Amino acid sequence: VSTQSTGFRGHLRMNAPRFYLPKAEDNSQPKKTAVQTAITGSIISSEPGFMRGHGTQVEEKKLFATVSGVVEKVNKLISVRCLTARYTGEVGDVVIGRITEVGPKRWRVDINSRQDAILLLSAISVPGKQRRKNVSDELNMREYFVENDLMVAEVQQFFQDGSMALHTRSLKYGKLERGVFVRVSPSLIKRTKTAFVKLSIGVDVILGNNGYLWVFHPLNKSEEMEVEKNSTCLLYTSDAAD
C-alpha cells in the first residue's frame with residue numbers, strides 16, 4: 001500500500017499475531033507452604049479420610065483442635081503441636097538440665113518435662129581412663145554434680161514409667177560453668193544435626209531440645225589455665241581459713 005498523500009513512498013507492515021504459551025512450572029525447588037495454626041475448638045479439616053492425631057478430636061465427621069498450636073500433617077495423619085506444652089523427649093536429644101537431687105548411684109535432673117530425668121552414675125565419664133564405677137565413686141558423687149548444678153547431656157533411653165535416662169559419656173557433655181542460662185518454649189527449638197552453635201560475634205550457644213539454652217564465651221588455653229589457677233588459689237585460701 002503506497003502513501004502518496006504524505007509525500008513519500010512507504011509500505012505498511014502487518015505484524016503477524018503473536019501467541020504466548022504459559023510458562024511451565026518449575027518443580028526443581030520445593031514449594032513453600034504456609035504454617036497453619038489452630039486454636040482450641042477450631043475446625044482443622046472436614047475432608048474424609050483423615051486420621052486423628054494428638055491434640056485433635058472428631059465430632060460429626062469433622063476434626064477439631066483440642067489445644068492451641070501448630071497443625072502438623074504427615075500424609076493423612078493430622079495432629080496439633082501445642083506451643084506451651086512440656087518437653088517430650090526423643091532418644092538422641094541434647095538437653096540442658098538442673099540437678100534437683102543426689103541419690104544412691106543416680107542424680108535427678110529437671111529437664112522441663114513432666115518428670116525429672118535420671119542420670120545414673122554408670123552413665124557419666126570420670127576423669128582418666130574409662131572404668132567400672134566402684135563404691136568410692138558412689139561416695140564421691142557430689143564431686144561431679146550437686147544440687148542446682150547445670151549440665152548438658154543426651155537422652156539415652158526411656159524407663160517404663162516414661163521418665164528419661166541421660167548420659168554424659170562424651171567430652172562435649174557435662175557440667176556447665178561461666179555462662180548465661182536462657183529458658184524458652186521447647187516448640188521454638190528445632191531438631192538439628194548439632195546443638196552446639198558458634199556465632200560470628202565470638203559467643204557459643206548450646207540449644208537444648210527441651211527449651212533450655214546456654215550462652216557462653218569459649219575460653220582459649222591461656223584463659224583456661226588462668227581460670228584454673230585462680231580457682232586453685234581460692235581453694236587453698238578457703239582451706240587455710242578453715
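This is a dialogue about how to read some features of the structure above.

Biologist: What kind of model is this, and how are its residues numbered?

Modeller: This is a predicted model, in which local features need pLDDT of at least 70 and side-chain atom pairs count only at pLDDT 80 or more, while totals for chains, interfaces and linings use all residues. Residues are numbered from 1 along each chain as its sequence is written, and side-chain values use heavy atoms, with hydrogens and water left out.

Biologist: What is the order of the strands in the open sheet of 4 strands?

Modeller: In general, strands of a sheet pair through backbone hydrogen bonds, either parallel or antiparallel. Strands (E, at least two residues) and helices (H or I, at least four) are DSSP runs, numbered from the N terminus, and two strands pair if DSSP finds at least two bridges between them. Here the open sheet has the order S1-S6-S7-S3, with mixed pairing. Its edge strands, each pairing on one side only, are S1 (37-38) and S3 (51-52).

Biologist: In which sense do strand S6 and strand S7 pair?

Modeller: Strand S6 (residues 69-74) and strand S7 (residues 77-82) pair in the antiparallel sense, over 6 bridges, and Val 74 stands opposite Leu 77 in S7.

Biologist: Which residues form a nonpolar patch on the surface?

Modeller: A patch is made of residues with over 30% relative accessible area and no salt bridge, where nonpolar side chains (Val, Leu, Ile, Met, Phe, Trp, Tyr) are joined within 5 Å and like charges within 9 Å; the areas come from the Shrake-Rupley method with a 1.4 Å probe, and for residues only the protein chains shown count as cover. In this model Met 51, Val 74 and Leu 77 form such a patch, with about 270 Å² of accessible area together. Met 51 is found in strand S3.

Biologist: Why does Met 51 count as partly exposed?

Modeller: Buried means under 20% relative accessible area, exposed means over 50%, and partly exposed lies in between (1.4 Å probe, protein chains only). Met 51 is partly exposed because its relative accessible area is 48%.

Biologist: How many aromatic pairs does a search of the whole structure find?

Modeller: Rings of Phe, Tyr and Trp (its six-membered ring) pair if their centres lie within 6.5 Å, and planes under 30 degrees apart count as stacked, over 60 as edge-to-face and the rest as tilted. The search finds 3 aromatic pairs. One of them is the edge-to-face pair of Trp 107 and Phe 145, 5.4 Å centre to centre with 85° between the planes. This pair links distant parts of the chain, 38 residues apart, with Trp 107 in strand S9 (residues 106-110) and Phe 145 in the loop between helix H1 (135-139) and strand S11 (150-158). Trp 107 counts as buried because its relative accessibility is 0%, and Phe 145 counts as buried at 5%.

Biologist: Which side chains meet in a salt bridge at 2.5 Å, N to O?

Modeller: Side chains of opposite charge can pair when their charged atoms come close. A salt bridge is a side-chain nitrogen of Lys or Arg within 4 Å of a carboxyl oxygen of Asp or Glu, and the structure holds 7 salt bridges. The bridge at 2.5 Å joins Glu 72 and Arg 81; Glu 72 is partly exposed at 31% relative accessible area, and Arg 81 is partly exposed at 32%. Asp 204 forms another with Lys 198, the closest N and O atoms being 3.1 Å apart; Asp 204 is buried at 9%, whereas Lys 198 is exposed at 65%.
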